[in-house]
Amino acid sequence: CVPGSSAMAHRMPTQGKVTITVDEYSSNPTQAFTHYNINQSRFQPPHVHMVDPIPYDTPKPSGHTRFVCVSDTHSRTDGVQMPYGDVLLHTGDFTELGLPSEVKKFNDWLGSLPYELKVVIAGNHELTFDKDFMSELVKQDYYRFPSVSKLKPEDFDNVQSLLTNCIYLQDSDVTVKGFRIYGTPWTPWFNGWGFNLPRGQSLLDKWNLIPEGIDILMTHGPPLGFRDWVPKELQRVGCVELLNTVQRRVRPKLHAFGGIHEGYGIMTDGYTTFINASTCTVSFQPTNPPIVFDLPNPPSS
Ligand SMILES: Nc1nc2c(ncn2[C@@H]2O[C@H](COP(=O)(O)O)[C@@H](O)[C@H]2O)c(=O)[nH]1
Ligand SMILES: [Mn+2]
Ligand SMILES: [Mn+2]
């Protein structure tokens, strides 16, 4: 089923393409959650429920690919025990500030891991990966991030090239082992970090770049209602337009993200599995284990 029915998504009769528009509750995700839960049972069982992670020693079913999901490692990978799997997915915040030294350290860690393929996106902490953010920061004389101010532009101009041990996605996709994976770093504006955009049309413009036919979506932050609860503020902070895009247009089998460290865990809506794989806790301790997930191989692979 496509959860919920709303004026916020409609199928164009001639093209069969679903168009997502800005949700009336876009700017207040906590209110959006309550509204859609009461009026559409949108986050209710039996379709929506928590999922237990599979134990690492579970044999992989034949004809499946095992994905290992991590996120928000924040340059703290030293003690993280990595399980068996085929493809690593890292959904951003692999550094504290995107310093080239941190990126190199992360790339070395990736190089030490045995996975056949590693796919990585940036998060709001990868400041140097967001070119527009860096141009603005230069104008502000770097007052917010003193250690970034020590960098010369040539040190970070081509920071992506330091990631030699993975496939880096930024509003782009790749097909690996027959799975089409799309990755995008944008999150709702929060304290003016990298890859921040206002809720509403600005973020929806980014989600509208996600093609149909994606098997796995990687974003840094959660969609509304799925592992997006911030207990210290009693707020849901997931993006409403991202949820509508995922459930009503793109419909990936797996949506992997992090961003909200407190939301670590797995849920399903009955079709898409949502994995918040934040390795670091809210106090930035890297104690949440990587989450493994098996997907049946696409027929053509
Ligand atoms: N109320 C909100 N809290 C947020 C949001 N994004 C992040 N956070 C909180 O910060 C930590 C760490 O995030 P990081 O990007 O600095 O690593 C996260 O776990 C939340 O507690 C937000 O949009 N709204
Ligand atoms: Mn983080
Ligand atoms: Mn983050």
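A residue counts as near a molecule if one of its heavy atoms lies within 4 Å of that molecule. This is a predicted model, where local features need pLDDT of at least 70 and side-chain atom pairs count only at pLDDT 80 or more, while totals for chains, interfaces and linings use all residues. Residues are numbered from 1 along each chain as its sequence is written, ligands are numbered from 1 in the order in which they are written, and side-chain values use heavy atoms, with hydrogens and water left out.

Let's start with the ligand. Around ligand 1 there are 14 residues, and Asn124, His125, Lys232, Glu233 and Glu262 come nearest. By class, this shell has five nonpolar, five polar and four charged residues (Asp, Glu, Lys and Arg count as charged; Ala, Val, Leu, Ile, Met, Phe, Trp, Tyr, Cys and Pro as nonpolar; the others, Gly among them, as polar).

The table lists polar contacts, meaning pairs of N or O atoms within 3.5 Å.

| Side chain | Distance to an oxygen atom of ligand 1 |
|---|---|
| Histidine 74 | 3.1 Å |
| Asparagine 124 | 2.9 Å |
| Lysine 232 | 2.8 Å |

Now for the space itself. Ligand 1 takes up the largest pocket. A pocket is found on a 1 Å grid over the protein atoms alone, as an open set of points where a 1.4 Å probe fits, with protein on both sides within 12 Å along at least five of seven lines; lining residues have an atom within 4 Å of a point. The largest pocket holds about 600 Å³ of space. Its lining has 25 residues, with Asn124, Phe190, Val237, Gly259 and Ile260 closest to the centre.

Technical notes. A polar contact is a pair of N or O atoms within 3.5 Å; within protein, one must be able to donate a hydrogen and the other to accept it, and residues adjacent in sequence count only if both atoms are side-chain atoms. A molecule sits in a cavity or pocket if more than half of its atoms lie within 2 Å of its grid points. Grid points are joined across faces, edges and corners, and a volume is the space filled by probe spheres set on the points.
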